[in-house]
Amino acid sequence: MRRSLTIVMFLVAVGVFSAAIWNIGYRTALTGVSDQGRVYLQSASDRLVGQLERFRQLADLIAHHPEAEAAISGEMPVADILPLFTRSADSTGALEVGLIDLDGELVLASGDSASGQDWSAADHFKRAMTGAMGFTQFVDVANRRIFSFMAPVRTDGIPAGAIMVNVDMETIEESDWRSTPQVVLFTDSAQKVFVTNRSELLFDAFSTAPESTGFAPRRVRKIGSQDVWTLPDLRYVPERALYMELPRPVVGMTGHTLISTAPAERIAGLQALVAAAVCLTFGAFLFFAMERRRVLARDNQLLEQRVTARTAQLTAVNVNLRHEIAERQEAEEALRKAQADLIQAGKLTALGQMSAGISHELNQPLMAIRSFADNGALFLERENAQEASENFNRISALSHRMGRIIKNLRAFARQESEPVSDVDLSNVVDAVLELAEPRLKGDDITVHRPTLDAPIWVRGGEVRLQQVLMNLVSNAADAMQNAAEKTLEINISTEGSKVILSVADTGPGLDAADKIFDPFYTTKEVGQSEGMGLGLSISYGLVQSFGGAIHGRNREKGGAVFTVELAAGKEKA
């Protein structure tokens with residue numbers, strides 16, 4: 001009975017502990033989900049404002065067009081401005097562009113709005129007549145959601161009419177949000193859903209109060225600083241979600257997003273399951289050990305009671321006990337060996353994950369050593385001992401460099417690394433260009449490099465900085481293989497406490513500048529330059545470890561340019 005009670009109490013304790021682990025893990029995971037949600041809502045809001053900004057600028061641009069001013073002042077027939085409206089609407093995707101006179105009457109429009117409509121009572125028309133840009137949202141007779149801008153048309157500096165640009169919001173939804181998993185919606189001043197990526201929510205009244213009419217949570221639970229909503233049973237809406245909002249007065253709407261809490265729940269459940277498994281394993285081991293101890297104690301007591309009468313049996317039992325002790329020692333030794341094997345397996349797993357990076361780090365110096373060795377052999381055949389000696393000295397230096405790279409990898413395996421120190425950036429550029437010189441000459445690439453009168457000290461590691469620059473130079477050479485003009489430009493400049501290293505080429509430029517630092521992303525054809533898509537990803541991590549930053553973009557005159565920002569080091573005497 002006592003044993004059963006102990007087991008029940010232990011299981012209850014494990015359940016309580018696992019629940020606590022779940023709660024802590026859930027709260028921690030919710031913080032990450034919340035951060036992602038804020039970023040997504042900000043991005044979605046910025047996209048909406050950016051889309052509408054095009055049409056606001058269109059209204060302002062047409063309002064200042066000489067034809068608009070001439071039409072509103074009567075200097076030209078009103079019908080002559082219709083082609084301008086039609087072209088503008090077609091090129092920007094606006095629903096229609098129209099001209100409104102001083103009395104608020106629609107004179108003509110490029111869309112299906114009939115002339116003569118009265119807009120004098122509209123708030124955005126009244127605002128336009130004060131000389132400012134007006135805007136509003138409404139649903140037209142065709143049940144289309146319209147966002148309307150009105151820009152004043154001035155004669156002699158005084159508003160004499162307005163240019164109206166109407167936008168069908170469904171076109172913006174189709175281009176930006178329909179395929180995103182997160183629920184995003186924008187409500188107007190009446191708290192009705194006006195823009196969303198869930199069509200079933202359109203025109204619903206939106207409320208944050210539970211069980212309200214329209215679209216509202218069934219229950220709101222406060223977890224830390226986060227609001228977790230339990231939502232109605234809708235097909236494309238999560239059952240439980242984090243709620244966030246972001247007012248955007250620049251377009252007269254408020255952005256809302258609902259991020260599913262399912263990932264946080266899965267993470268917390270996994271953590272609780274692992275905690276329960278560890279506790280149960282430990283409890284089972286402890287239980288069997290205590291049971292074993294109890295059995296041995298009982299046997300010893302029986303043997304002590306019969307020691308006089310059954311000496312022979314006691315001897316046999318002692319032999320058996322010695323065997324059991326030996327087996328237990330063997331089991332403990334096997335356990336220690338298994339633990340050592342697990343540690344070694346962990347190291348091998350880490351090295352396996354780093355194998356692609358290791359091959360990339362050692363590939364370039366190996367190729368350079370092969371090139372210098374071939375050149376040294378040619379110089380020896382020509383009895384040019386001095387040049388051959390220089391090549392072999394370079395091979396020695398590169399071997400030393402590879403040793404330092406391997407040392408860094410070994411230090412990484414021991415969770416160590418060479419400390420960041422002051423490095424002369426000009427020496428790094430010299431070393432890289434020296435290594436890349438055969439490749440650059442062979443590809444007829446012209447190199448423009450800075451002429452420096454003094455060392456440029458930066459914070460970093462010399463070998464790793466050489467690796468970053470060598471990768472940028474090699475990528476530039478690959479990009480210019482089929483270019484008509486092959487020019488490589490390397491510049492060094494300073495901005496305050498930062499030193500900027502830029503590498504520019506005259507290749508075709510970057511297809512997707514936002515993906516170039518992703519692992520395994522490459523634009524090289526299969527089999528060319530042994531491209532694995534890891535060079536820029538590794539370079540990104542190295543520069544980040546120095547406390548710097550690396551960026552890539554296309555140049556206006558063609559080609560791509562990569563900039564590496566590094567903290568300036570201290571000048572040395």
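Which helix does N391 lie in? Select N391 to find out: the residue lies in helix α8, residues 385–413, where helices (H or I, at least four residues) and strands (E, at least two) are DSSP runs numbered from the N terminus. Before going further, note that this is a predicted model, in which local features need pLDDT of at least 70, side-chain atom pairs count only at pLDDT 80 or more, and totals for chains, interfaces and linings use all residues. Residues are numbered from 1 along each chain as its sequence is written, and side-chain values use heavy atoms, with hydrogens and water left out.

**Around N391**

N391 counts as buried because its relative accessibility is 2%; buried means under 20% relative accessible area, exposed over 50%, and partly exposed in between, with a 1.4 Å probe and protein chains only. Display its side chain, which reaches the backbone oxygen of E387 at 2.8 Å. If residues up to four places away in sequence are not counted, N391 touches F372, N375, G376 and F379, contact here being heavy atoms within 4.5 Å.

Next, select the open sheet of 6 strands, whose order is β7-β6-β11-β10-β9-β8 with antiparallel pairing; two strands pair if DSSP finds at least two bridges between them. Its edge strands, each pairing on one side only, are β7 (193–196) and β8 (219–223), and the twist from one strand to the next averages 35°. At the β7 end, β6 (residues 183–187) is joined to β7 by 3 bridges, and L185 can be picked out opposite T196 of β7.

Centre the view on I163, which touches A59, I62, F85, V97 and F149, among others, when residues up to four places away in sequence are not counted.

**Strand β16 and its partners**

Select β16 (residues 498–504): because 6 of its 7 residues are buried, this strand is largely enclosed by the rest of the structure. Strand β15 (residues 487–495) pairs with β16 in the antiparallel sense over 7 bridges, and T494 has V499 as its bridge partner in β16. These two strands form a hairpin with 2 residues between them, and G496 in the turn has a positive phi of about 65°. Strand β18 (residues 560–567) is also antiparallel to β16, joined to it by 7 bridges, with K498 standing opposite A567.

V432, in helix α9 (residues 425–442), counts as buried because its relative accessibility is 0%. Its C-alpha atom is separated by 6.9 Å from that of L469, 37 residues apart along the chain, and, leaving aside neighbours within four places in sequence, V432 is in contact with Q466, L469, M470 and V473.

Finish at helix α11 (residues 535–545), whose buried residues are G535, L536, S537, I538, S539, L542 and V543; G547, with a positive phi near 80°, follows this helix.

Technical notes:
Axes fitted to C-alpha atoms, helices over the stretch in contact; angles between N-to-C directions. Polar contact = N/O pair within 3.5 Å; in protein donor to acceptor, adjacent residues only side chain to side chain.
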